[in-house]
Amino acid sequence: MKKSRRNKHKRNFKQKQFQQMLKIILLTWVKLEDVSNSAVNNSCKDVMQKEWYAKFFNFSLGKNIVSGYLNLDGTPTGNCGVEQDITRAEAAKIIVKAKSL
């Protein structure tokens, strides 16, 4: 049975929602100055450093809360998928990792 497109949207967070969720999670458990002072991480070519979410994403990369995609051989692809939707399972994993800081 083919699942409707509507149901798919209920299981995933849109890109904008993901960025906002990451900000809320980090601000809940982490000091803002820690996020602001995090180093720029250039391992993800798709994270534009001028975007408002870049400092939160860089902090998350540095703390292994999120990670980029890997090739089949385990080497980084250079992309983190910030323009893609994430699943509820991925969101849950981010929350658990952030809360353990």
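A: The side chain of Asp46 reaches the backbone nitrogen of Gly81 at 2.7 Å, and that of Cys80 at 2.9 Å. Both count as polar contacts, that is, pairs of N or O atoms within 3.5 Å; within protein, one must be able to donate a hydrogen and the other to accept it, and residues adjacent in sequence count only if both atoms are side-chain atoms. This is a predicted model, in which local features need pLDDT of at least 70 and side-chain atom pairs count only at pLDDT 80 or more, while totals for chains, interfaces and linings use all residues. Residues are numbered from 1 along each chain as its sequence is written, and side-chain values use heavy atoms, with hydrogens and water left out.

Asp46 is found in the loop between helix H3 (32-36) and helix H4 (54-62). Helices (H or I, at least four residues) and strands (E, at least two) are DSSP runs, numbered from the N terminus. Leaving aside neighbours within four places in sequence, Asp46 is in contact with Tyr53, Gly78, Asn79, Cys80, Gly81 and Val82; contact means heavy atoms within 4.5 Å.

Asp46 is buried yet has no salt bridge. Buried means under 20% relative accessible area, exposed over 50%, and partly exposed in between (1.4 Å probe, protein chains only). A salt bridge is a side-chain nitrogen of Lys or Arg within 4 Å of a carboxyl oxygen of Asp or Glu. The nearest side chain of opposite charge, Lys45, is 8.5 Å away; Lys and Arg count as positive and Asp and Glu as negative, while His and the chain ends are not counted.

Helix H4, at one end of the loop that holds Asp46, is mostly covered, with 7 of its 9 residues buried. Among them are Phe56, Phe57 and Phe59. After H4 comes Asn64, whose phi is positive, near 60°. Most residues other than glycine have a negative phi. Asn64 is not a glycine, and it lies in the loop between H4 and strand E2 (86-87). Asn64 is exposed, with a relative accessible area of 53%.

For the chain as a whole, there are 5 helices and 2 strands, in the pattern α-β-α-α-α-β-α when read along the sequence. Of the 101 residues, 30% count as buried. Among contacts with a separation of 6 or more, 63% come from residues 24 or more positions apart.
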